[in-house]
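Biologist: I would like to learn how helices are read in a model, so could you take me through some features one at a time?

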Amino acid sequence: MTAFITSIGVLSPLGSGREEFVEAWRAGRSADRIGDGPEAGGVKLPKYKAAALYPDHRKAFRRMDRLSKIICSGIAHARDDAAGFGDLENLGLAVGTDYGTLTETWKFLSRLKAKGPALCNPMDFPNLVPNAGAGYAGIFLGLRGPSHTFCRHETCGDEAVAWIADGIAAGWIEAGVGSGAEELGETLARATRAASGWSVAQPLGEGAAAVLLETPDRAAARGAEVRARFLGSWGASTPSGRSALLLPDRLDGLVELIRRSLDATGTAAGDVGVALLSHPDHPALQAAVATALGRDVPRTDHHRRVGTHPADGAFRVALAALLLADRSLPVHADGDGCRGRAALVVTCARGGGLRVSVVGAA
Amino acid sequence: MTSVVVTGMGVAAPVGVGLEAYGRGLRAGDCGVGTIDLFDASAYRSSVAGQIRGDVRTPAVRAAARATGVRLTTRQGRTALFGLAALAEALQDAGLHRDDLRDAGLAVGTCTAGTPEAESELLDTPEDDDFWVTAAPSLLLTTPVGTTTDFLARAARLRGPATTISTACSSSTNAVGLGAMWIRSGRCSRVVVGGSDALCRLTHAGFNSLSLVAPERPLPFDARRQGMVIGEGAGMFVLEDEATARARGARIRARILGFGNVAEAFHLVQPDPSGAGAARAMGAALRDAGVPPEHVGYVNAHGTATPHNDVAEARGVRRLFGSRDIPVSSTKSQTGHLLGASGAVELAAALLGMEAGFLPPTAGWEERDPDIDIDPVPGVGRDAAFDVFLSNSFAFGGNDSSLCVASPDYEAPR
């Protein structure tokens, strides 16, 4: 069953909330880069008040870690864009985050080293689990359905969205929120640089995106505006590459995966109007997409404008939906709007993970 | 609907490395909890853990690795090594070689990944050294939890989908549920699922800071219980669609009939004391399986031995099963709490018990808590035949999961 994308929440260096982001994207703006320090060249979120998105839970935000606040903010923007999620009893929630709470983890360990076990703060430890953000969001919003947190590097964000879609297709849930979030910090910056030379050309970023997926019946019953359709997502692994810790330079199997995804969703290669790549300047990734489609398609330039992070697959799904819903929205800063009926979200990851998602126009 | 069957499993646990040793230890009521010697734990409230002693690469594990083509390496850290050991045994148990995993999926639940090795570098760096300058980049790269999956996928030369789930203590139960979903939906005909976690100062210090740990062996469901004891280990399973398994003449060990996963939406670390979340997760697994509660013969509890968790889980069992007395035991009494790996290792315990005709015990249980109205199966394994069981995992974040598993001969009424 196709899942409808009926709301989009974005927290990005270009803006907070769908409307603010779209306005900045349409204007061709790029976020400012950090000038120096370990995160130099990266792009951070502007200051914002996460607690204001959850007026009934302001106090809880005092003890939350920054990543959990980012996750909850992205989900809150999706909630607001949908004017509420509807029935929450069996609403699924999936969060993708690769580095997760690594920054907080190193702070906790540094304190353990400096102060000893007796002075570890008991308020800190619960925030160190990668699913803390999903837990907070569930509590704040009363989400009682299935909840997963995915952490396989760059595939985690689009995989979170895919899990919700699979749950809907299986009849397990009628709706769910798929999201991805990451925070940029010293740990992430240093680890990413160590992981891949691409981070030099590809600025690091941070933020969150969340999309609400629903069955057509549920969306119709709510009177929801359908922005796009999530047609499906497929994963694979490539054993190529020198090390499991690095981004592979060869992407064996990706062409086949893209073709399989298009076939399974009944999407012709000619229908694809835009490609949203995890590493837009990766030659092997570009080549695989061109080979699979038999031509070059316009690619978004999100990496240069908001930076990239390992969980931005959810953001790319959200951006694909926005581009398909509004054909006047330019694909990249110098380009026109999307001219096809479908968008391809393609991800390659450290460790050899591959994922292809197909998003269709409403 | 496609039937999901278990055709292989492997375990590395404090009470026994390998299925044979693990099953024997479980049945005897052995306890693998003892004083930590991986690091100096003398300054902590608790200095005990369920630690795997000695080299996990036992002669049997090495033989399994040779037979299946899985390379056991210590370079990738304890979490990965435990996972590789369990993977090799699971493949051998399934009669498979790593080359048979070409199109298979992989779902791994974990919390620690390379943290034990990376934290040692940080904590052992002299005070005035800059960790960021002196640390090897590979240490930073192995810390994200996804890397455990990377190592296993690479060891298996996997080309199918691979993922990491990190939902704290329900991680590997959710990985099993996800793998079953992949098979049911036709995405894969074969998957490797499970979890692995290693003992480290981060988790030990964290649970100590929360005052959730016991100074001695854990006593789940016992009135004298003082808290949990963390542990380490791994459990891996080969799941296949039944047609694929039968076509190659594989031995079918069990069926994964249903999976339930719910959010409590109550508190980040405390369970809903009414047991409603636990009951919803178990109920969802039974509905997914199409199995009535009266067919369930055993519940392998999450049973952490913390005061609140055990009461909430027992209440959840009562909510679901009413006045019926059903055996409910916690094998954490024998292994400690293996965090992200606990669900997989405990699923293996229940499965071994179902096959061999015994209920895994809550070892050390002696004194009834008036708030916990269950049959905890005290002492040693109790001889009993059962065809269907539930395996529970409840986690931080209010993430409650349950698997409904049956013997190969059981037929659900629907």
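**Reading the helices**

Modeller: At 1.5 Å a residue, helix α5 (residues 156-169) of chain A, with 14 residues, should span 20 Å, and its end C-alpha atoms are 20 Å apart, which agrees; the expected span is 1.5 Å times one less than the number of residues, and helices are DSSP runs of H or I, at least four residues, numbered from the N terminus. This is a predicted model, in which local features need pLDDT of at least 70, side-chain atom pairs count only at pLDDT 80 or more, and totals for chains, interfaces and linings use all residues. Residues are numbered from 1 along each chain as its sequence is written, while chains are lettered from A and ligands numbered from 1 in the order in which they are written.

Biologist: How many residues of α5(A) are buried?

Modeller: A residue is buried if 20 or more other C-beta atoms, placed from the backbone, lie within 10 Å of its own; in α5(A), 13 of the 14 residues are buried. Just after α5(A), A:Gly171 has a positive phi of about 80°.

Biologist: How do I read two packed helices?

Modeller: Two packed helices are described by the angle between their axes and the distance between the axes. Here the axes (lines fitted to C-alpha atoms over the stretch in contact, with angles from 0 to 180 degrees between N-to-C directions) of helix α2 (residues 66-81) of chain A and helix α4 (residues 132-141) of chain A come within 8 Å and cross at roughly 45°. That makes α2(A) oblique to α4(A), since angles under 35 degrees count as roughly parallel, over 145 as roughly antiparallel, 65 to 115 as roughly perpendicular and the rest as oblique.

Biologist: Which residues of α2(A) meet α4(A)?

Modeller: Among them are A:Leu67, A:Ile71 and A:Ile75, where contact means C-beta atoms, placed from the backbone, within 7 Å.

Note on methods: Helix = DSSP H or I, 4+ residues; strand = E, 2+ residues; numbered from the N terminus. Contact = placed C-beta atoms within 7 Å. Buried ≥ 20, exposed ≤ 12 C-beta atoms within 10 Å, placed from the backbone.
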